[in-house]
Amino acid sequence: MPEVPALPGLAGLTAQVFRAGGALSQALPDYEPRAGQAEMAARVADVFENGGVLLAEAGTGTGKTLAYLVPAILSRQRVLISTGTKNLQEQIYFKDIPTLRAALDVPFTATYMKGRANYVCLHRIDLLSEGNSPQSHDVFLPIIRDWSKTTDTGDRAELEDLPEDLPFWSEVAATAEACIGNDCPRYSECFVTRMRQRAAESDVVIVNHHLLCADAAVRQNAFGEVIPACAYAVVDEAHQLEDVATQYFGFSISTYRIEDYARDVERFIASGSVTTRSAQMELQQGVDRLRDHARSFFTEVAFAHRSNDRVRGEERVRATDQSLAHTREVAAYMAGSLDLLEGGLALLAPSRSPDDEPSAPSDVVALSRRAGEIRDELRFLLRAGDPAYVYFVEFRGKSVFLRASPIDVSEIVRDLLLDRVRGTVLTSATLTVDGAFDYVKGRLGIGQAEEVRLASEFDYESQALLYLPPRMPDPRSPEFALAAGHQVIELLKRSQGRAFVLFTSYASLRSVQAIVEMALEYPMLVQGTAPRSQLLKQFRETPNSVLFATSSFWQGVDVVGEALSCVIVDKLPFASPSDPVTSARIEAIRARGGEPFDEYQVPLAILTLQQGLGRLIRHRRDRGVLAVLDPRMRTKGYGRRFIASVPPAPVVHNLDAVERFFSIV
Ligand code: SF4
C-alpha cells in the first residue's frame with residue numbers, strides 16, 4: 001500500500017505560516033522570520049492541540065501577538081484573548097486580525113468586547129425619555145438618544161465629542177447592576193445582547209482583563225455575563241492579572257453607588273410606572289431617607305479613616321473591626337432604609353406565577369433586588385471579619401468607598417479561568433523573576449504548566465545603555481529629591497529632552513519637576529494635566545519633550561523612534577507597605593512563615609521596573625539610555641536581583657559615557 005503522508009497537525013500548519021516564504025512573508029513586506037516567534041507559536045499550538053497551561057515570557061520584539069493569534073485561528077476552536085490594556089486590545093482587533101485575515105487562507109470571525117459600561121442601555125434611555133426626572137432634561141440625552149437609533153454597536157467611543165468623564169453617561173450605561181436582563185422590553189435589540197450573540201458565534205473573542213474579571217465576578221447572575229464559553233484562552237500582559245482580579249473579586253459600597261441607586265429609583269418613580277400618589281410619595285421618602293443615612297454614614301467613615309498625607313485626592317486606609325465600630329449605628333439606619341425600599345418596591349412588582357409573562361416592566365424587581373444586594377454587602381463590609389479579605393476605605397476625589405478585596409486571588413483565578421477552559425496561555429514580556437516563573441505561578445494559582453522564555457529580539461548591547469549614578473543619597477532621605485533633580489537635568493541635557501521620567505509617587509514627581517523646570521526649557525508634560533492618551537499624543541508630536549509620570553505610564557505605553565530616547569526611573573518601584581492590600585499580603589506571607597520582602601515585595605518591584613524600562617526600546621532601530629537613580633540597585637544585596645532582571649544593556653556610572661552614547665548617530 002502506498003504510504004499516506006501524515007496530515008500536518010496544528011503545529012505543522014502554524015510553522016508553515018511563520019517560515020520564510022510562508023503566508024506571513026507573502027502578506028507583510030517587512031516580515032522577517034524570527035526564531036523566538038516561531039518557537040512561541042509552536043508551543044501555543046501544542047496547548048491548542050493537547051490542552052494544559054503554558055507560561056510564555058516573550059521579550060520585546062518577539063512578535064508574540066501573531067505567535068498566539070495564528071495557532072488560535074488555525075485551531076478552528078473558539079479562543080478567548082484577554083489583554084491588560086485597551087491599547088493592545090485595539091491593536092489586535094484593528095491591526096493584527098485584518099493582517100491575518102488577508103494573510104491566512106482561513107475564514108474566521110472575531111469580536112471585540114468592551115466592558116458593559118461602554119455601551120448605551122436602550123431601556124434606560126426609554127425610561128429617561130418618558131419620565132420627568134432631572135436627568136430627563138440633561139442636554140446630552142437627546143444627543144445620545146438620536147445616536148442610539150443609528151449606531152450599530154452602541155459603543156460610546158463612536159461619540160467622539162462626548163467628554164471622557166461625562167457624569168451623565170453613568171445614567172444611560174448598560175451596566176450589569178442596572179440591567180433587567182430577559183425581562184427587558186428592548187432585550188433583543190440591546191447592544192450588549194447583540195454583542196454577546198456575535199461573540200458566541202465568533203472564533204476569536206477579544207476582551208481585556210477588566211471585562212474578563214468583571215464577567216467572572218457576575219457569572220452567577222444570568223444577565224450580567226457576556227463572554228461566551230471558550231475552549232481555550234490566551235491571557236496577554238498576564239503580569240497585570242492579579243491586580244485586576246483583586247479589584248473585581250471584592251465588595252464595595254460607595255457614595256457613588258448609593259447615589260446611582262437613588263437616582264435609578266427616582267427615575268422609576270418619574271417614569272409613571274408607579275400609579276398611586278401614595279406609593280410614589282412613600283418611595284420618594286425612602287430614597288430621601290437613604291440619602292440622609294448614607295451621607296451620615298460616609299461622613300462617619302471618612303472621619304474615622306482619614307489620615308494626613310492625602311495625595312492628589314487619593315488615599316486608601318485600612319479598616320478594622322475597631323475603626324468601623326462608630327459607623328455601625330448609622331450603618332444600621334442605612335441598612336434599615338434599604339430594607340424598607342426593598343420591601344416597598346417588591347410590593348409594587350407584578351405578581352407572577354412561573355408560567356406567566358410579567359404584566360409590567362420588571363425594573364421594580366431589579367430595583368428591589370439591588371437594594372437587597374447593597375444592604376447585604378454593607379453588612380458584610382461592616383463585620384470586617386472574613387480573614388480572606390482586607391477591608392479598607394478609599395478616598396477618590398469627593399467619593400468615599402468602603403471596600404473588601406481578596407488577599408489571595410490564586411484560587412479565584414484557578415476556579416474561574418484556568419479550570420474553565422481546556423488550555424490557557426499566559427504571556428507577557430515580563431513574567432519571570434530571577435529567571436523563573438515561580439512568583440507568577442504562586443500569585444495566580446498555577447500548578448502544572450509548560451514554560452518557555454524567549455529573549456528579546458533587540459540587541460541591548462548596542463541599542464541601549466543602563467546608567468546608574470555613582471553616588472546618590474538614601475532614597476528615603478530629604479536630600480534625595482535634590483540629587484535626583486540634578487541627575488535628571490544632566491541626563492536631559494545629554495538626551496535633549498526626549499525622555500520619560502517615571503516616579504513611584506506624586507510627591508517625588510512634584511519635587512523633581514520643580515527643580516528641572518527651573519533649569520531646562522524643554523517642553524514638559526505632566527501626568528494628570530490632561531488625559532493619558534492626549535499626553536502621549538503630545539509627547540510623540542512635540543520635539544524634545546519630557547514626560548513626568550507615575551504608575552500608569554510604567555506599562556502599556558509605546559513610543560517608537562527618537563521621540564523617546566531616555567527613560568529615567570527615580571526609585572525602585574516597591575509597592576507602598578502602607579497600602580492596605582500590600583500590607584495584608586505581606587502579613588499573610590509572614591503568617592505562613594514566609595519572607596515577604598524576598599518572596600513578594602522584591603519580585604513585584606522587579607516586574608514593575610522591567611515594565612518601566614521596557615518602554616525605551618520598541619523597535620530594532622531604537623536607541624536610548626535607561627537610568628535608575630536609586631542607589632539601592634548598587635548598594636543592597638537585593639540590588640543584584642534587579643540588575644540581573646533588567647534589559648542586558650552595558651552598565652555605566654558616569655555621564656560622559658551617556659554623552660558619548662548620544663553623540664554616536
Ligand atoms: S437588556 Fe439590560 S442593558 Fe440591554 S437594554 Fe435592556 S436593561 Fe439595558
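View 1. A384 is buried, with a relative accessible area of 16%; buried means under 20% relative accessible area, exposed over 50%, and partly exposed in between (1.4 Å probe, protein chains only). The residue A384 sits in the loop between α15 (363-383) and β8 (389-396). Helices (H or I, at least four residues) and strands (E, at least two) are DSSP runs, numbered from the N terminus. The phi angle of A384 is near 45°, a positive value in a residue other than glycine. Residues are numbered from 1 along each chain as its sequence is written. The model is predicted: local features need pLDDT of at least 70, side-chain atom pairs count only at pLDDT 80 or more, and totals for chains, interfaces and linings use all residues, while side-chain values use heavy atoms, with hydrogens and water left out.

**View 2. The loop that holds N544.** N544 has a phi near 60°, again a positive value in a residue other than glycine. The loop in question runs between α21 (532-541) and β15 (546-549). With 28% relative accessibility, N544 counts as partly exposed.

**View 3. The loop that holds P167.** Is P167 buried or exposed? At 64% relative accessibility, P167 counts as exposed. P167 has its place in the loop between α7 (140-150) and α8 (169-172). Along the chain, P167 and L338 are 171 residues apart, and 24 Å separate their C-alpha atoms.

**View 4. The salt bridge between R124 and D264.** A salt bridge is a side-chain nitrogen of Lys or Arg within 4 Å of a carboxyl oxygen of Asp or Glu. In the bridge between R124 and D264, the closest N and O atoms are 3.0 Å apart. R124 lies in helix α6 (residues 122-130) and D264 in helix α12 (residues 255-270), so the pair ties together parts that are 140 residues apart in sequence. R124 is buried, with a relative accessible area of 5%, and D264 is buried too, at 7%.

View 5. D264 and R267 are both buried.

**View 6. The salt bridge between K441 and E451.** The side chains of K441 and E451 meet at 3.1 Å, N to O. This pair links distant parts of the chain, with K441 in helix α17 (residues 438-444) and E451 in strand β11 (residues 450-454), 10 residues apart. K441 is buried, with a relative accessible area of 18%, whereas E451 is partly exposed at 34%.

**View 7. A network of salt bridges.** Salt bridges that share partners join R124, E171, E259, R263, D264, E266, R267, R291 and R370 into one network. How many salt bridges does the rule count? The count comes to 42.

**View 8. The shell around the ligand.** R116, C121, L122, H123, A174, C179, I180, C184, Y187 and C190 surround the ligand; a residue belongs to this shell if one of its heavy atoms lies within 4 Å of the ligand. By class, the shell has eight nonpolar, one polar and one charged residues. Ala, Val, Leu, Ile, Met, Phe, Trp, Tyr, Cys and Pro count as nonpolar, Asp, Glu, Lys and Arg as charged, and the others, Gly among them, as polar.
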